[in-house]
Amino acid sequence: MIKSILDNDLYKFTMQLAVLELFPKAEAEYRFTNRGTQRFSTEFVEQLEKIISDEISKLALTEEEYNWLSENCPYMKPMYLEYLRNFRFKPGEVKVCLTEEKNLDIRIKGPWHSTILWEIVLMAAVSELYFATIEKKWNENSQKGCASRSVLDAYENKILEIGKALEENDCFFSEFGTRRRRSSELHDHVMKALTGIKTLTGTSNVYFAKKYGLKPIGTVGHEWIMGTSALVGLRYANRFAFENWVEVYNGDLGIALTDTFGSKAFFKDMDLKLSKIYDGFRHDSGDPYDFVDAVIEHYQKMGIDPMKKLIVFSDALNADTAIQLKKYCEGKINCSFGIGTSLTNNSDFFRESPPLNMVIKLHSIDGIPVVKLSDSPEKETGERDAIRVANYIFGRKGLDD
């Protein structure tokens, strides 16, 4: 299910490097949340534990992969590549249980620099295992657990249709679908189909970037800002996080994620220096059209030409929404798109078995609860009291609201 240690999103590696450099002693806990209606079984848990102990734990960076990273990811420092060469997933960091409601309870605990790589590979394994063992109707003609040829052919045609629509509308996009893919096999066929699309800029999956000669795409995730809020300070966590990112990468990997504590808090912390250093901002929750207007207003207040900057949209996109957003940004600001689940587990194609709606989020650092507030209320994560305090600190709600 996980083909390589590089079968992961680039931003997990770039954040791992930054954590090693600035917070090497920090201890982290992550927790799994299932936002959907799908349920699991005791047998599912047993098989997932076997995948963790027998497969994921054996992943290791090969010499060929080491050399490829050295050549294609110059921001990865030699000391970090040596660390990654010796890195092994530790199964003891992961606990998997089944709740009384037949839901999954997954908790990951250990050094932040070590546990940081579990999120994507665990979600990909959970998704693939679910569609291989519980929800199997989509693939009734399969053999040996592989997708049937009829499914693969039809799905490739669907992906080509999506890719062509994006290309015809001049939408530059990257593939972001590892975490909720239906299977690694289907993901491979998606990448194979997309390589002929001229507006494909790359993929977040480092393994497939290497396999298909694409650019690995990614910078930073919510957990970098969330972790900073516990280790440095909550009120100005965005500022501290993005100043520290510049300290590690010297202006490289310059797309800032905006919604960890709500975009209003982000814009307050994004001063002139940071607004000039960063190439652009990533949208991941809330109304995207309002966000475009807010970003343009922010740059204009700073005396910066928005047409010299970039918005990366990554919130539950499909081809239609991307095309509409491209039209809205035309002549105002540059934009690109990170498209995930609608490429690797398309709900229009698999109408009878929708993808899992799940996340694994950082829960605490050094025992201090952390939260993600988001610009969409349903995406809030964290302990109730920690969310109350954070909303109060950022002026979003009263303590009793």
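## A tour of salt bridges, helices and a surface patch

Select lysine 301 to begin: this residue is exposed, with a relative accessible area of 66%. Here buried means under 20% relative accessible area, exposed over 50%, and partly exposed in between, using a 1.4 Å probe and protein chains only. You are looking at a predicted model, in which local features need pLDDT of at least 70 and side-chain atom pairs count only at pLDDT 80 or more, while totals for chains, interfaces and linings use all residues. Residues are numbered from 1 along each chain as its sequence is written, and side-chain values use heavy atoms, leaving out hydrogens and water.

Stop 1: A salt bridge is a side-chain nitrogen of Lys or Arg within 4 Å of a carboxyl oxygen of Asp or Glu. Helices (H or I, at least four residues) and strands (E, at least two) are DSSP runs, numbered from the N terminus.

Stop 2: Next, select lysine 379 and aspartate 315, whose side chains form a salt bridge at 2.7 Å, N to O. Lysine 379 sits in the loop between β11 (368-369) and α17, and aspartate 315 in the loop between β8 (310-313) and α15 (319-329), so the pair ties together parts that are 64 residues apart in sequence. Are these two residues buried or exposed? Both lysine 379 and aspartate 315 are buried.

Stop 3: Move to aspartate 7 and arginine 181, joined by a salt bridge with the closest N and O atoms 2.9 Å apart. Aspartate 7 lies in the segment before α1 (10-22) and arginine 181 in the loop between β4 (173-175) and α8, so parts 174 residues apart in sequence are tied together. Aspartate 7 and arginine 181 are both buried. How many salt bridges does a search of the whole structure find? It finds 23.

**Stop 4: a surface patch.** Finally, select Val389, Tyr392, Ile393 and Leu399, which form a nonpolar surface patch with about 330 Å² of accessible area together. Such patches join nonpolar side chains (Val, Leu, Ile, Met, Phe, Trp, Tyr) within 5 Å, and like charges within 9 Å, from residues with over 30% relative accessible area and no salt bridge. Areas come from the Shrake-Rupley method with a 1.4 Å probe; for residues, only the protein chains shown count as cover. Valine 389 lies in helix α17 (residues 384-393) and is partly exposed, at 41% relative accessible area.
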